[in-house]
Amino acid sequence: MLRIVASASRPSSVSLLSVAHRRNLSSTSARQADITLTVDGKEVTVPQGSALIQACEAAGSPIPRFCYHDRLAIAGNCRMCLVEVARSPKPVASCAAPAMPGAVVFTNTPLVHEAREGVMEFLLSNHPLDCPICDQGGECDLQDQSIRYGSDRTRFHEIAGKRAVSNKDLGPIVKTSMNRCIQCTRCVRFANEVAGVEDLGTTGRGNDLQIGMYVEKMMDSELSGNVIDLCPVGALTSKPYAMQARPWELKTTESVDVLDALGSNIRVDSRGVQVMRVQPRTNDNVNEEWISDKTRYAYDGLRFQRLTTPLIKGPDNRFVTASWPDALAAIAAGLNQTGAKGNEIKAIAGHLADTETLVVLKDLINRLGSDNLASDLEGKYGNAPPVHGIDVRSNYSFNSTIAGVESADAILLVGTNPRHEAAVLNSRIRKSWLHTDLVVGMVGTRADTTYGFEHLGEDAKALEKFLSGKVKGEFAERWAQAKRPLIMVGSSMAEHADGEAVFGMLARYVAATGERIVREDWNGFNVLQRVASRPALYETGFVPSRAATSTTPKFIFLLNADEVDPASIPADAFVVYQGHHGDRGAALADVCLPGCAYTEKSSTWVNTEGRSQLGRAAVPPPGAAREDWKIVRALSEVLGVDLPYEDLVGVRDRMWAISPSLVRWDGLEGTSLEVAKAGLGSLMSNFYQTDVVSRASVTMAQCTRAFVTREKTSLEGLGKEPLQAHA
Amino acid sequence: MLRLPRRLPRLSPPSSRLISSTAPKRSDALFIHRDTPYNNPEIAFKFDAQNLKRAQEIISHYPPQYKKAATIPLLDLGQRQNKGWTSISVMNYVAELLEMPPMRVYEVATFYTMFNREPIGTNFVQVCTTTPCMLRGSTDILNTTCAHLGGLKPGETTKDGKFTVIEVECQGACSNAPMMAVNDDFYEDLTPETTKKILDAFAKGEKPKPGPQSGRKTSENSAGLTALTTKPYGPGEFCQPEFQ
């Protein structure tokens, strides 16, 4: 079924019709010539090996299609893309036919029209006419194309009725309605190639062919939500979004995801004040066309457990709602009362803190005379400067760039499970592993990565042994010869007892290998951050000084810091929490200030490779919540240390002064070549719940039950009642 | 005087009205697996020593990275060892042996109709009803078979588990139509009488001689040869004397 891979889904390092690899059957060598052909009277030049459909697209002739997708292998089974080729006796399926030099193609002739009509008639003969109750309505390829290319009547009046297919339970995310399936097999190809969950397939044959897993099983993949976007009909739709909205009611806002450090480009669809769904936006440099399930479905967490008004803890240890002036005055009073001076004033930045607020908060704390700028790293590691140092950007960035992963020929994973820490990046590694002879080695807790790897050991000792060349094996051999070796260190390493040793070891190794790992055209040393705020944290220098590390704080400002260890907060300290969810951080606080979630503010986010991107406000914040940087700015006035900016432009000027790359949105500044310093388990045990938004999400809780704790309870009925949520 | 009720009852009143007006179209086999006491992944299956040797021999025909090419022969081997049907455990075992995702094996096993995914009787009777056999009276053969085995319907197994009867498409023995296959053997040129005889023999545990049951040899003309009736030339016959 699977044939050559379409161009966009091929790793960039591989040429068309690629050379012999271990995992490929063909041994023909690549010839990257351009060929010229005529489409509808227009001459068009495309690379050799392109599909005819790509040549037609290039000539500006739209071709209807169902099974063909740029990023998936070619199946050629829907037959919708038939075109007429001169001197060919029959219409040709343009997705499966290679563009040939000198071919004369017609896409707008009576033959083609008739062929499309015929195909459409067959597809619709078994497709239920339930568009009014179908969630795909309004964005359905079958609907659109049947109007554009189909006939207005059918010749099928089967006494026996239409084909009936049982629905499959694919888990809490994908809702199936298999009667609507037209068997384009896009989902099957996605699951097998991109997601690496080789459970989905086609069973039966002919009219009885159906998509499914044969056995009862859920689709256990972090990328499973993407099959919903891929499905050209309403067979696979979103369970949490089922019957919630119609596409034409939604306002779309282009934004950036912050639930991992990849900065996936997303489109937030909202209706009124509610986020209705999140969908991917194509960005070949970051997330291609995919997003992870957490990115897609944690949005219902934005409706629960929100902080909507300022809260002050009363004498009976209960929160009392307050007005903004009262809350800010209470903070000023608290600061006075504790008598905190200098480094005793501490700020802790959490996972979801945006760059603007980090800059403003850092200025405020510095003006109060403190350098105690901690972050909520695991355990006590956030209270000290990070072991990798932050002076050189390449020490904490993903230097090879996300797209650059595809050109690596050997990858060494150190203490990371990219499948959980950056699910979309993991699909790139899998893509490269499938189509090139990439080898992967792993030091750290063994994990299911969706591609093969050689496990080199669990701990720092194993890493030392490998780096000193004492390990024999295929991976070690290939690593030694690799032209573009890539080391990927998990951010958890900076939060590990052996972290300093590991980074030191790697730094010495990178330095010792000279030009092999770090050179002008290749920087193979990478730190994979898993938390959205950390790259910006390090970029803006939001780390404690050595002196501040040992100070016992008396006044603590938690900025979205929910992963902070409660034991690290002294009982007599005055604690302020600013954030959007009433989670662990708010429980520790004396005063809570309601901020905005990422869908409610326009702010800058820096991803793991150092790319700064602009998130945009899709919906207004709930209740009295305010934009985060403005809260800190207002607080500075109450505390008597006015910050010198009045508006967002002023804040961004300040960001420019700190690091110009912070406001060069969407671009990527190369990192310097200098690497000053460069069981290791991943700290992420539950992919689906890592931050306040995903912890508050019902869908993510269901995913946790289905895929992490694997509770046997039926998920039926859950999520069916309308959820009572504010905002 | 007989009085008619004011409303005549309908001839076949539906007991309850369905919401949908379309009738379900059913396939003869399910293409999804549902766990049953006799067919679930918990039931262990392994090739016996002899079959394992045979399996390894089959696998050795293919390059090591394309081991999956052995899926069909291995499934067949598994089906034979598993009393003629391919259980989910057989499929899982083949997938494990060939180091491929189980789904790829399920796809193959559901695609090919000769992999029985439900248990069958000891004698698997497949009656051909495709056009040439039908023209030669396969309907009679099928009816005879079903009636003789105690009123089965095609697709059913006898209560004693000795016979399963199904209708199949062309088996490629059209010149000897009508025909049926019992397990691996073809019984051809059938009449209702010979069919009963064959079934009786199988019921007794015997195995009748496969092939045409009419007494003719393979697919020769049953009325005797009409061509090539004379003695064929021997070497040198009708040749110049010097070549004789």
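Helices (H or I, at least four residues) and strands (E, at least two) are taken here as DSSP runs, numbered from the N terminus. The model is a predicted one, so local features need pLDDT of at least 70 and side-chain atom pairs count only at pLDDT 80 or more, while totals for chains, interfaces and linings use all residues. Residues are numbered from 1 along each chain as its sequence is written, chains are lettered from A and ligands numbered from 1 in the order in which they are written, and side-chain values use heavy atoms, with hydrogens and water left out.

In chain A, Met243 sits in the loop between β9 (236-238) and β10 (251-256). Phi of A:Met243 is near 60 degrees, a positive value in a residue that isn't glycine. A:Met243 is also exposed, at a relative accessible area of 55% (exposed is over 50%, buried under 20%, partly exposed in between; 1.4 Å probe, protein chains only). In chain B, Thr218 has a positive phi too, about 35 degrees, again without being a glycine. B:Thr218 lies in the segment after β5 (211-212) of chain B and counts as exposed at 55% relative accessibility. For context, most residues other than glycine have a negative phi, and most peptide bonds are trans. The bond from B:Ala177 to B:Pro178 is cis, with omega near -10 degrees; B:Pro178 is in the loop between β2 (163-168) and β3 (180-182) of chain B.

Turning to the cysteines, a search of the whole structure turns up 0 disulfides over all chains (cysteine sulfur pairs within 2.5 Å). A:Cys181 is buried, with 11% relative accessible area, and its sulfur is 6.4 Å from the closest cysteine sulfur, that of A:Cys187, which is too far for a bond. B:Cys128 is in no disulfide either, with the sulfur of B:Cys133, the nearest, 3.5 Å away. At 2% relative accessibility, B:Cys128 is buried as well.

As for the interface, the contact (heavy atoms within 4.5 Å) takes in 22 residues from chain B and 23 from chain A. About 2,000 Å² is buried between the two chains, 55% of it from carbon and sulfur atoms; this is accessible area (1.4 Å probe) lost on putting the two parts together, summed over both. On the chain B side, α3 (88-97) and α4 (102-111) each supply at least two residues, and α4(B) gives the most, with 6.
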